[in-house]
Amino acid sequence: MKVYKVTFEGINPVGNCLVIAAENKIDALFMAKSNITWGKVVIDDIVEVDISKPCVIEFLSGDY
């Protein structure tokens, strides 16, 4: 499994994120498209996260 981060426009103007565990980028794209039904997602919106060392994958504080 690999971890992917998807860049997309959220429904509301607050923080948003989508982090997916998938076998490959194509599978991650299909998963993203099935979740982000209000907008367009393309393969270039998906980036593999390097988890070979400790890292923060996503942090949304909700602070305005």
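The accessible surface of the protein chain comes to about 4900 Å². Carbon and sulfur atoms account for 55% of that surface. The model is predicted. The strands form an open antiparallel sheet, and helix α1 lies across β1, β2 and β3.

**Overall dimensions and packing**

- Taken along the principal axes, the C-alpha atoms fill a box of roughly 30 × 25 × 15 Å.
- The protein chain has 64 residues, and 25% of them count as buried.
- Contacts between residues at least 6 apart in sequence include a share of 44% that join residues at least 24 apart.

**The sheet**

- The strand order is β2-β1-β3, and the pairing is antiparallel.
- The edges are β2, residues 19–22, and β3, residues 46–48. Each of these edge strands pairs on one side only.
- Neighbouring strands are turned by 35° against each other on average, with direction ignored.
- In general, strands of a sheet pair through backbone hydrogen bonds, either parallel or antiparallel.

**Pairing of β1 with β2**

- Strand β1 spans residues 2–6 and pairs with β2 in the antiparallel sense. Four bridges join these two strands.
- Tyrosine 4 has isoleucine 20 of β2 as its bridge partner.
- Valine 3 stands opposite alanine 21, again in β2.

**Pairing of β1 with β3**

- β1 and β3 run antiparallel and are joined by three bridges.
- On this side, valine 6 stands opposite isoleucine 46 in β3.

**The helix on the sheet**

- Helix α1 covers residues 25–35. Its direction is at about 130° to β2.
- Ala28, Leu29 and Ala32 are buried in α1. These residues lie on the same side of α1, because they cover an arc of only 105° around the axis.
- The cover over the buried residues of α1 includes β1, β2 and β3. The helix lies across these strands.

**Cysteines**

- A disulfide is, in general, a covalent bond between the sulfur atoms of two cysteines.
- A search of the whole structure finds zero disulfides.
- Cysteine 17 is in no disulfide. Its nearest cysteine sulfur belongs to cysteine 55 and is 14 Å away. The cut-off for a disulfide is a pair of cysteine sulfur atoms within 2.5 Å.
- Cysteine 17 has 37% relative accessibility, so this residue counts as partly exposed.
- Cysteine 55 is likewise in no disulfide, and the nearest cysteine sulfur is that of cysteine 17, 14 Å away.
- Cysteine 55 has 41% relative accessibility and therefore counts as partly exposed. The partly exposed class lies between the buried limit, under 20%, and the exposed limit, over 50%.

Definitions and conventions:
Residues are numbered from 1 along each chain as its sequence is written. This is a predicted model: local features need pLDDT of at least 70, side-chain atom pairs count only at pLDDT 80 or more; totals for chains, interfaces and linings use all residues. Side-chain values use heavy atoms; hydrogens and water are left out. Two strands pair if DSSP finds at least two bridges between them. Axes are lines fitted to C-alpha atoms, for helices over the stretch in contact, and angles run from 0 to 180 degrees between N-to-C directions. Contact means heavy atoms within 4.5 Å. Buried means under 20% relative accessible area, exposed over 50%, partly exposed in between (1.4 Å probe, protein chains only). Accessible areas come from the Shrake-Rupley method with a 1.4 Å probe; for residues, only the protein chains shown count as cover. The arc is that of the directions from the helix axis to the C-beta atoms.
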